[in-house]
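Below is a walk through one structure, taken a part at a time. Please keep the sequence and the model in view while reading.

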Amino acid sequence: MEIKKGIAVSPGISIAKLLIIDSEDYRIPRRQIEPSQRMMEIQHVRDAFKAAIGELTEFEAAQDDTEGGKIKDIFAVHLRFLHDRSLRKRITDLVYSESVTAEYAVSATMREIASHFAKQKDAYISERAADMYDIERRLLKQLLGGRREDVEHLTEEVAVVARELSPTQTAAFNRKFVKGLATDAGGRTSHTAIVARSLGIPAVVALEDLTECVSGGDTVIIDGNRGIVIVNPDEQTIQQYEEYSQEFAQLEHKLDAIREKPAVTRDGVKITLLGNIEFPDEAEMVLQKGGEGIGLYRTEFLYLNRESEPTEQEHYEAYAETIGVFKHRPVIIRTVDLGADKYTQSKRFAPEPNPFLGLRSIRFCLQNLTMFKRQMHAILRASVLGDVKIMFPLISNLQEMKQATMILRDVMDDLNEESVKYNKDVEVGIMVETPSAALTASTLARDADFLSIGTNDLIQYTLAVDRGNELVSTLYSAADPAVLRLIRTVIQDAHKAQIDVSVCGEMASEPEYIMLLLGMGIRTISLTPPMIPEIKQIIRSVTVQDCNNLARTILGMNSERQISNYLRDAARKILPEAF
Amino acid sequence: MMQTEQDSPQKVVCEALVQIKNAEGLHMRPAMQFVDIASKFDCDITVSNDQNTVDGKSIMQMSMLAATCGTKLKIKAEGADAQEAVDALRGLVEEKHFDEPTPSNQKKR
């Protein structure tokens, strides 16, 4: 039994066999297998060689003989290695004699050969180590690709363990069987965390070396309340956790009971609670949990896990499905926010050195107009089906906003010409996610129908902290005075311009921040669906008067620690079970 | 050719001592040429330097010899076509030197 401590990012308890997803970008840890599994692993090795040969043969054929056929030569050499029986035997012998996984045997063998080359004095020969790494990666890609498919075709419940999870990977999960997530990297707002919360499954991140401590088939307990992962727990621990898990479920049940009650403060102020969703099938969950609409409909899922861009009709159908669930309640569709993710970067000709400051989100859309217009065409077409609003992400200056709106007008003209019906008065808002947008909110508010504060990026850009980097993730906090001052500015400017302002970042689903947000003037909150009952419970337990007082005190404080302690104490008094 | 099917293969053993003459040594492309030629023959082919003896038909093993210009290697072939194999491989290494420049005819920079 081994206990690992990380950061709890999605509540709940899961006890399940684990499934590891390795990545060819990281060192493959040594993992033991049962002797009875050895023949299967050896078959995996053979299959990987075969597939790699197939892939490389295609590549080689596609190369022309320019540059003296040098590139073709490299592929030809790599092919000889893949055809080399003594190489394959060395790998399968390692699987057999040491009972290790195919991935580990491939990686260890190729690296051993690489280091043999690297040791040679002759520069020409020592550089051949690079070829060995290339062959290693090619084989691992095949092996790991196969394992990833396993996640798509699960037949029993598992907890997924990985170094980190990309949107492409999570989009492919068979979500019926994935019962928990645990990753080495990540922070409170990493993709893993967001996905886990939206699926309502427990998750723990920032476990540092968890993937090196586990083997496939181990049992793990993921405690998403306390941020603990227990590898191969003993009987007694399993029993304790089963009891604890039941108690937790009862609390959840109790909260579900307030679903039908309105989100109104004790002094009678109505707060609108909306859901953040990624997939159309999450829309139902928003209703079940008592949400009144969609405040953030992420549309990236349409692009992930597929080779070609989605068609206009595919966009339309996804939107129509979601809007159908909500009828005439609001559905705010955010235009696609791609660019900084691994998926887009890997498709790029040359990866950007600094993707989060690069061509992402609205910037990416404004340079890929065909794609952007196609999505807006579909949204506009769907706008007659309900109360649809359009939201542009990552607007960082007025120019971008005017450009995006102009393109929307172009698409409207197209629809007019095609005689397609759409809502001509569709509301158009922006996400405030950069300090520049927050500081110029008064200007942006003149052209927008609403503002929605995306706290995740706003915090990252304000504090210059990568939220996924476990070395600095403790610096990432919504309670930082700099962040709070920007948020207050945005709220005040929106009020002056008499337009709606909401918060849709992770901050809005953290109980300790709710009183503060209400106190700063927020009346609409969009959050991850499983958290709606708990947040509603808090709203129903406070008065706006109390919240105003709390906000005034907080905004006079100068340190993050002081603020977060104060907020936690205040929230604990209201909902003791949650803390 | 001369052998009939029921006969066991004639046991011919051939050896040759060769020296690597191309400037860049037995790097990947030469190693590939070597195993490609070696693989055309039925006989077993081994190649040795001072320390190791490896399979002349395995690119992994051949390239791991890391033979630089000037290195002496012993090629040994066993089997019916051993003589042809050794002749062909010696030709590749010493006469054609893998179609690459030798230090003497390499351009001075």
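This is a predicted model: local features need pLDDT of at least 70, side-chain atom pairs count only at pLDDT 80 or more; totals for chains, interfaces and linings use all residues.

Residues are numbered from 1 along each chain as its sequence is written, and chains are lettered from A and ligands numbered from 1 in the order in which they are written.

Chain A holds 24 helices and 16 strands; helices (H or I, at least four residues) and strands (E, at least two) are DSSP runs, numbered from the N terminus. Of the 579 residues in chain A, 46% are buried. A residue is buried if 20 or more other C-beta atoms lie within 10 Å of its own, exposed if 12 or fewer, and partly exposed in between, with C-beta atoms placed from the backbone. Contacts, for their part, are pairs of residues whose C-beta atoms, placed from the backbone, lie within 7 Å. Among the contacts in chain A between residues at least 6 apart in sequence, 69% join residues at least 24 apart.

Helix α22 of chain A, residues 532-541, is largely enclosed by the rest of the structure, because eight of its ten residues are buried. The buried residues of α22(A) include Ile532(A), Glu534(A), Lys536(A) and Ile539(A). Among the elements of chain A that cover the buried residues of α22(A) are α10 (235-256), β9 (272-277) and α24 (560-574).

Where chains A and B meet, 16 residues of chain A are in contact with 16 residues of chain B. On the chain A side, the elements giving two or more residues are α2 (70-83), α3 (85-98), α4 (102-118) and α5 (123-126). The largest share, five residues, comes from α2(A). By type, that side of chain A divides into seven nonpolar, three polar and six charged residues; Ala, Val, Leu, Ile, Met, Phe, Trp, Tyr, Cys and Pro count as nonpolar, Asp, Glu, Lys and Arg as charged, and the others, Gly among them, as polar.

Two loop residues remain. Ser99(A) sits in the loop between α3 and α4 of chain A, and its phi is near 50°, a positive value in a residue other than glycine. Ser99(A) counts as partly exposed because it has 16 C-beta neighbours inside 10 Å. In chain B, Ala66(B) lies in the loop between α2 (59-64) and β4 (72-78). The phi of Ala66(B) is near 50°, a positive value in a residue other than glycine. Ala66(B) has 23 C-beta neighbours inside 10 Å and therefore counts as buried.

Conventions. Two residues are in contact if their C-beta atoms, placed from the backbone, lie within 7 Å.
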